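Take a look at the chain below and turn it around slowly. We will walk through its parts one at a time.

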Amino acid sequence: MQQPTITILGGGFSGSMVALQLARQPGAWHGGTVHLVEPRPVPGPGLAYTARRPEYLLNVRAAALSAFPDQPTHFTDWLQVNELTCEQEFCSRQTYGRYLQELVAGLLAGPAANGLRFEWHPQAATAAEVAPDGRRATVHLPDGTSLISDAVVLALGNFPPLFPAGPGAYLTHPGFHGNPWAAGALRTIGLDEEVLLIGSGLTAVDVLLGLRADGHRAPVTIVSRHQRWPVVHGPATAPYPSFYQTDLLGLTSVGKVLAAVRRRIRQAATQGHDWRPVFDSLRPHLGQIWAAWPAAEQARFLRHLASLWAVLRHRSPPQNDAIVRDMLATRQARMHLGRVRGITVADNHDLLVHTQHQHTESVLRTRHVVSCTGPLLDYSRINDPLVASLRDAGQLVPDALRLGIQTDAHGALLNRHGQPSQVLFTLGPSRRPAYFESTAVPELREQAVALARELAGRWQQQ
């Protein structure tokens, strides 16, 4: 077998999973090298699992979080070996980060059984240039290193959210927190200083938990367009049998799929089934359901149902939900219905948040604003140097709905002419155009398995 050089850009969950799966591919790859380019202090945890805050919990039970689909108890076995327990089966993100870090450290310690060697570069790539023949690419690092690669995997994860109110003086205000996941993002908030959160999804839940754990006493206002919180997880139950083939296969409109799912939930309720396992039985088929809709139907879903889908699909652990409800009941947290239209700085250096709901406009005064609106998905607006270099060269093309990157079925990037790359691949949130759901552990590890097999297959055929 040829001795390939593979460069993975991003050493968070997605990039780490690709590396782990490459190490497990059969065959002799002696002399082959995998470069893992990750600027954080350690590869593995990434942004999602780096925060050293035990109150930040995973929103999936431990039993579903093995790094390896063919070893479903791998994570729970690791917990047992390390004598770690997770309240109500929901572990902290910090614990899961430690698990991932140990797995990647094992790769870096020596060659894998198939001969691949793994090297970590604690930097962020600044550019990637595809050779004229399209068969190789050169990745440039800030220290002058050039990695000539037979395959480059973009595992870039999530980018910080857009500014919630456009440009303005508030962006440099010490009370504006544009990225709640940045290191120490909440540590500058005084215990008696009022806080306003923009958004009411899982990120807002984490921020509330962080403030409470820090002993924060002042009121917290949550501005939300729909006033919806993530639904709480129900008790662990047996899976509900899939009804995709019988009820949903071939349906090409959002309305028909919605009607079919509602019918099935009502039917299941008469048999004593909670709606959650019915809903979850669709998970393996979400990509097929999404792909069956024409672009106009996909856009209709994004306009009318995506926010509802988010709170039903991405649920909150019971202990998190209980804390949020207690904060709302005691008025430590309070909801404000509306959309943020502007943020200005008052004379006394407070922040003024201008909101609108239908024809009603309000101005809310606060000391701190935390943007919890979710990551930026639109690759036409991402200013990362690597992304910009590939986009300007026509090697990376955002999709029409601005959900991620255009790819073929194997994750190869499509260029401006619609041709699949022989060297550039991606997985994770960037593949939302193909799957819509492309952020959770079960989906990402399957993508990693498929991509590793695809890459290995290419060299086995040479």
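What follows moves from the nonpolar core to the sheets and then to the salt bridges.

This is a predicted model, in which local features need pLDDT of at least 70, side-chain atom pairs count only at pLDDT 80 or more, and totals for chains, interfaces and linings use all residues. Residues are numbered from 1 along each chain as its sequence is written, and side-chain values use heavy atoms, with hydrogens and water left out.

Start inside. A nonpolar core is a set of buried Ala, Val, Leu, Ile, Met, Phe, Trp, Tyr and Cys residues joined through side-chain atoms within 4.5 Å. Buried means under 20% relative accessible area, exposed means over 50%, and partly exposed lies in between (1.4 Å probe, protein chains only). The largest such core here has 47 residues. Ile-6, Ile-8, Leu-22, Phe-75, Tyr-96 and Leu-455 touch the most other members. Several elements give two or more residues to this core, including strand 1 (5-9), helix 1 (13-23), helix 3 (93-108) and helix 14 (441-460). Helices (H or I, at least four residues) and strands (E, at least two) are DSSP runs, numbered from the N terminus. Helix 14 provides the largest share of the core, 8 residues.

Now zoom in on Leu-22. What does Leu-22 touch, not counting residues up to four places away in sequence? Its partners are Ile-6, Ile-8, Trp-29, Val-34, Asn-114, Leu-116, Ala-452 and Leu-455. Contact here means heavy atoms within 4.5 Å.

Next come the sheets. Strands of a sheet pair through backbone hydrogen bonds, either parallel or antiparallel. Two strands count as paired if DSSP finds at least two bridges between them. Leu-196 stands opposite Val-369 in strand 15. Axes are lines fitted to C-alpha atoms, for helices over the stretch in contact, and angles run from 0 to 180 degrees between N-to-C directions.

Another open sheet has 3 strands in the order 4-5-6, with antiparallel pairing. Strand 4 and strand 6 (146-149) stand at the edges with a single partner strand each, so one side of each has no neighbour in the sheet. Neighbouring strands of this sheet are turned by 20° against each other on average, direction ignored. Strand 4 (residues 127-130) and strand 5 (residues 137-140) are joined by 4 bridges. Val-130 stands opposite Ala-137 in strand 5. Strand 4 and strand 5 form a hairpin with 6 residues between them. In the turn, Gly-134 has a positive phi of about 75°.

Now look at charged side chains. A salt bridge is a side-chain nitrogen of Lys or Arg within 4 Å of a carboxyl oxygen of Asp or Glu. By this rule the count is 23. One of them joins Arg-264 and Asp-247 at 3.0 Å, N to O. Arg-264 is in helix 6 (residues 254-270) and Asp-247 in helix 5 (residues 244-248), 17 residues apart. Is Arg-264 buried or exposed? Arg-264 is buried, at 15% relative accessible area, while Asp-247 is partly exposed at 24%. The side chain of Arg-264 also makes a polar contact with that of Tyr-240 (3.3 Å). A polar contact is a pair of N or O atoms within 3.5 Å; within protein, one must be able to donate a hydrogen and the other to accept it, and residues adjacent in sequence count only if both atoms are side-chain atoms.

Two further salt bridges deserve a look. Arg-276 pairs with Asp-274, the closest N and O atoms being 2.9 Å apart. Arg-276 is buried at 14%, whereas Asp-274 is partly exposed at 34%. Asp-321 and Arg-325 meet at 3.0 Å, N to O. These residues are 4 apart in helix 11 (residues 318-329), which means that about one helical turn separates them. Asp-321 is buried at 12%, but Arg-325 is exposed at 54%. Finally, find the network of salt bridges that links Arg-53, Glu-55, Arg-187 and Asp-214.
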